[in-house]
Number of protein chains: 2
Amino acid sequence: MNIYDLAREAGVSIATISRVINNHPQVSEKTRKKVNEILEKHNYTPNAFARGLVIKSMKTIGVLTIDIRDLYYATVAYTIEQEFSKLGYSVILCNTGGNTQKKINYMKMLAEKNVDGLILVGSVFKDKKLNKAISQLAKNIPIVMVNGFLEAENVYSIICDDSYGIAMCVDYLYKKGHKDIIYLQDAKTYSAQAKSEGFSHGMIKNNLVLTPFSILNVKKGLKGGYHAVEHLITCKQNFSAIIAGEDITAVGAIKKLKELHKQIPENIAVIGFNNSIIAQCSDPELTSVDNKIETIGIGAVRILNDVFEGRNVPSKTVITPNLVIRKST
Amino acid sequence: MNIYDLAREAGVSIATISRVINNHPQVSEKTRKKVNEILEKHNYTPNAFARGLVIKSMKTIGVLTIDIRDLYYATVAYTIEQEFSKLGYSVILCNTGGNTQKKINYMKMLAEKNVDGLILVGSVFKDKKLNKAISQLAKNIPIVMVNGFLEAENVYSIICDDSYGIAMCVDYLYKKGHKDIIYLQDAKTYSAQAKSEGFSHGMIKNNLVLTPFSILNVKKGLKGGYHAVEHLITCKQNFSAIIAGEDITAVGAIKKLKELHKQIPENIAVIGFNNSIIAQCSDPELTSVDNKIETIGIGAVRILNDVFEGRNVPSKTVITPNLVIRKST
DNA sequence: AATTAAACTGTAAGCGCTTTCAAAATTTAA
DNA sequence: TTAAATTTTGAAAGCGCTTACAGTTTAATT
């Protein structure tokens, strides 16, 4: 069933059909009603390809995340999807696993599909090849980077000030009397980079000793935190507090600490990041940095929509996190 | 830059351009090479609308989940996306919040966008209105239901035998000497329905007493489990084991049990469902039913692809779960 | 060298829609 | 009642691609 069939049945031209479908005002009430009845009757849905060919928009945006199974990305993606859905857009979701080539392939595919915009969530720090691809693509499609940054035409960033978030943790722990603080870094993203910097700054600012051993590179996930503590103990390193780049890493650390019969927070304080449900599941409940995931998701959508509608948009938006204090500190 | 521009530049016809883009064999090596060079040079990407208009396929499928922030749905969606990506398809993700009308709206939108197929993850049990919409839509688009079932033309199901999964838990607990077992049900999906049935069957099979209080309806999430235990205690109900419909619910229950200084598993045994990362984060680590999420996701993609390629597909596929035993029992 | 077959390329139609421009119908003004 | 202004409608072009069919070139066969 297409526009021609409908036109024939209604005894009008295809132009008229098109007009009522698109709510153009210059159609008489009478014909509008007649056409609408026929549309209803056939439960007609216009062909998006044909329409897209003319309009050049599919009302679709692409979202690239690293791995949707990670609650952080899931929440960002969820928020974006819900917000865009309100605006009549749908989102194509891509899981890149953080792989640059995969990202580029996805971007190319999305370009072919003529998405109206692109949101990249979580970028590797200073990925030259990717950045080139992004600036290239941005010539045709507006791009928003969530927790990533790139100076280029038609690309916009919205980031959480993760650096400040971690610095806040250091301040807080310092006030509680902690001197030997360890930071567990678990990724090499733009965001992870910021966190490390925030840690260093926080330590220095409070005149705490920052050694090359203060920052520990660990694997993602439970095991990362678990093995980190193991390592700290075998190396006989002194520490009274641990800050982890993600809640799950913190929980892994807690697990090992408990096995070693350390009391939390009496012997060792632990702080996580993301303020996810895991922080609440943890025993003891985990103090964690709330990095405002929903705010960021909503912001990303807003930015893109503003661009669509020709409004002026700052190329960088920064959101301030805050510390949620629970039982682990 | 379109096919005409390219044709002019290459000194060939648009048909030839199209042929090399689509790897048709009947193009001479010489012209193929020449055209490819020009394609490269302009970094040309064909217009998917125009192509879709002819081919009637966008190489896109729609996935409806309840809430991607739930790890279960995230994992299903992730698996589906990755598998389809290998086949050259992209997926449009929709979060319905379990709302029937929203589901129907999404389905209509996806139909307009001419998705090649649809996967519905997690259906409410016996939702008449939705089922009607599904059978209607399936006339045009093949639909796969994950953990849902509907007898209709062109709709296929892949489900985990959740009923058996819970029955297994009962068997296991019975062998461990438990008699008073409580089941915490937290949803009204097809899957939740199956779980309750499995519980009842398991209890009866083992000649255990099944009272109306054996099955407790609780809210989703941590609090559901927490309040459930609270309720059991205030009602002075006798129980030595709890089976929860989801890991997070089990963790909530554990939390309250600990507050009441109950030893787990010595005083009370607890079992979760989904075998998610939460089961590993829990302290003690949670025994949980592995409902084979990846297997199901891969299966769903396979089914849809088989349909696309005209192969014969059974209308119902059942996957058997298994019990992962950890420290909580 | 002439004929036939095979390989390659081009023309043109059509996918289903939006939109411009002109024509027809209606309303308003004179 | 007629002319002018306004509202409503329709014809046709074009969006960028695929593909059937016809035409042209090249290779193979006699």
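Me: What volume does the largest cavity have?
Reply: This is a predicted model, where local features need pLDDT of at least 70, side-chain atom pairs count only at pLDDT 80 or more, and totals for chains, interfaces and linings use all residues. Residues are numbered from 1 along each chain as its sequence is written, chains are lettered from A and ligands numbered from 1 in the order written, and side-chain values use heavy atoms, with hydrogens and water left out. A cavity is a set of points, on a 1 Å grid over the protein atoms alone, where a 1.4 Å probe fits but cannot get out, and its volume is the space filled by probe spheres on those points, joined across faces, edges and corners. For the largest cavity that comes to about 180 Å³.

Me: Which residues lining it are the closest to its centre?
Reply: There are 17 lining residues (an atom within 4 Å of a point) around the largest cavity. Closest to its centre are Y73(B), T189(B), S191(B), K195(B) and E246(B).

Me: Which helix gives the most to that lining?
Reply: Helices here are DSSP runs of H or I, at least four residues, numbered from the N terminus. In chain B, helix 5 (71-86) and helix 9 (190-205) each supply at least two residues of the lining. With three residues, the top contributor is helix 9 of chain B.

Me: Which residues line the second largest cavity?
Reply: This one has a volume of about 70 Å³. Chain A brings M58(A), T60(A), I92(A), K113(A) and V115(A).

Me: How much area do chain A and chain B bury between them?
Reply: The contact (heavy atoms within 4.5 Å) takes 48 residues from chain A and 48 residues from chain B. Buried area is the accessible area (1.4 Å probe) lost on putting the two together, summed over both. Of that area, 61% is on carbon and sulfur atoms, and the total is about 4,300 Å².

Me: Which residue of chain B forms a salt bridge with K258(A)?
Reply: A salt bridge needs a side-chain nitrogen of Lys or Arg within 4 Å of a carboxyl oxygen of Asp or Glu, and the chain A and chain B interface has four. In this one the closest N and O atoms are 2.4 Å apart, and the partner is D283(B).

Key:
1 Å grid on protein atoms, 1.4 Å probe; cavity = no way out; pocket = protein on both sides within 12 Å on 5 of 7 lines; lining within 4 Å.
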